[in-house]
Amino acid sequence: MGPDMANGAPTAPGLSFPRETFAKLTPGPFLHAHLKQQEPTRANGRSPEDFRKPTVNIGSLTHSNGSAVVRVGDTAIVCGVRAEILLASDIPHPPRDDVEDDDMIEELGLLVPNIELSTGCSPAHLPGNAPGTLAQSLSYRILSLLNASNLVSPSDLSIRYTKPQTEDGGPSEEAREVTKAYWTLYIDILCIALDGNTFDAAWAAVIAALQSTVLPKAWWDADREAILCSPLTAEAHRMQLSGLPIASTFAVFSTASPLKRLEEADSWVLADPDSFEEELCKENLTVVMGTKHAGNDGLLRLEKTGGSVIGKVAMQRCVRMAEDRWREWKGVLGGG
Amino acid sequence: MGPDISHHPLAGADGSATISSNLYSVLAAVNGPIEVQRRDELPEEAAIEVNIRPASGVGGPRERWLESVVTAVLRSVLLVHMHPRTLIQVTLQLTTGPTLKLKNATRDISVLPSLVNAAFLALVDGGLPLQSTVTAVLLAVSGEEVISIDPAEKELAGCKSVHALAYTQHGDLLLNESAGNFNLEVWEEVADRAEKACVAAVALASEDDEMANGTAEAAPWLRRELEEKARDAVAWRDHT
């Protein structure tokens, strides 16, 4: 005899849990129940191939050289770029002359991204804590991608000076251009709300912030032996990025378990997972697609770990979806 | 062919192995299942902790990222549900690395196959229950779209893209890390070559096969190592 019978309440107890309770108690079967419908729909209402709509706001931080706020669904990222001058004479081990221009930025570490998740953006990351494994590896992946994609041109970051010809100089003494200093860009990424897929949103925020970065005109003053910057905004120049690399992440939800035959397992590839799905998915794939043009074949990075569902066939599908996503981002960010 | 391997070089660890390929040498140690800290404990499976120590200096964000990649691979290899509420601890110490100056992205990816192979051999040595056999390979694609398996340092320094892939003995792709400049067709070719090499590393060596393709990449080096290990393990029976 239930308690309802005892006090004679007319309402019969519900035979099923409300949605939220089901999701909390058994998240895996909850998502599975959604996906195994005739037309697979995720718990958040999206279809498996659906990405969330991105919105970008540029230049919201007034004191930085460039900034952007990117929102993808409930994930919101703020990115600010601060430029500082690094004197060539201050570099302890100047790179040898044979370093190619493209490698200069990586060699000198002129791009310094850092992602902060301990902002209270999600219960999984306590505010004020030291950066955990996730934050550190995200920072590293962003740094690695920044350097590998040659996004920022070294000429934008070097402050050149042409040595005047001396009067008594012999024929060998020619006007010579030297780099007196470099701009170092500190790229600070703050996650203010986290609902999955941090990497895609953080990377887009970095791109948007760099696109809006304006560096003041700087020159070497030979008399003062220092770098001077012009306060005039008319003289400042906007950085030109080469290409538009866009990251698209996929997660795989699978019912496979070691206790079950492999053929009996179902799996779904979910584009742009939110945090509820990330919790349940072990396998992840990130496709970074750049602008296709001569000498650039499109793919910059493919990262896949955690499972064996994505093979060659699924990879083709994911790369195609990443191409569509690239066009969507291009509409929002421009450039490329 | 295949890398140089030594089994159980460390007496204190439950399992250990060293592996030296043409690029890296890695010493791997495995302890487990051992007691787990309360906050890392998982109610239904064993927690996996991977520590990577570079050849010089202390680890930083780069090592944290490599650790997370290796952990994900090991989680799909180990039968973690057999030891719930425990910890499997894997320590990977790099002992030598390439001497040429490589781009960071290339360097990061080139180390992954050695790390995965070393960790796997140490898990085998430690007698941990595994659901599959995993082999990882490194491939480089040159500017002329020539794919080379286990590239030399020079090939790596001048390559257009670099790929680290790990396959199980059934040809399931467990890990893919690719960087550089490539397209899907190139990647598919790379994946085919890598799958062949990985499956061959654990394939039954029949004489026909060896006659047909006695190439270096088709050598069943991992199977040979594992069979030898299994023979050593039961050698006491022959003596009694």
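Tutor: Here is a quick chat about the interface. This is a predicted model, where local features need pLDDT of at least 70, side-chain atom pairs count only at pLDDT 80 or more, and totals for chains, interfaces and linings use all residues. Residues are numbered from 1 along each chain as written, chains are lettered from A and ligands numbered from 1 in the order written, and side-chain values use heavy atoms, without hydrogens and water.

Student: How many residues does the contact take from chain B and from chain A?

Tutor: Chain B gives 38 residues and chain A gives 34 residues. Contact means heavy atoms within 4.5 Å.

Student: And what area is buried between chain B and chain A?

Tutor: About 3100 Å², with 55% of that from carbon and sulfur atoms. Buried area is the accessible area (1.4 Å probe) that two parts lose on being put together, summed over both. B:Trp65, B:Phe182 and B:Leu184 supply 16% of what chain B buries against chain A, more than any other three residues.

Student: New topic. How many salt bridges cross the interface?

Tutor: The rule finds five between chain B and chain A. It wants a side-chain nitrogen of Lys or Arg within 4 Å of a carboxyl oxygen of Asp or Glu. One of the five joins B:Asp192 and A:Lys312, at 2.8 Å from N to O.

Student: What about strands? Which strand of chain A pairs with β9(B)?

Tutor: Strand β14 (residues 299-305) of chain A does, in the antiparallel sense, over five bridges. Strands here are DSSP runs of E, at least two residues, numbered from the N terminus. Two strands pair if DSSP finds at least two bridges between them.

Student: Which residue is the bridge partner of A:Arg301?

Tutor: B:Ala179, in β9(B).

Note on methods: Helices (H or I, at least four residues) and strands (E, at least two) are DSSP runs, numbered from the N terminus.
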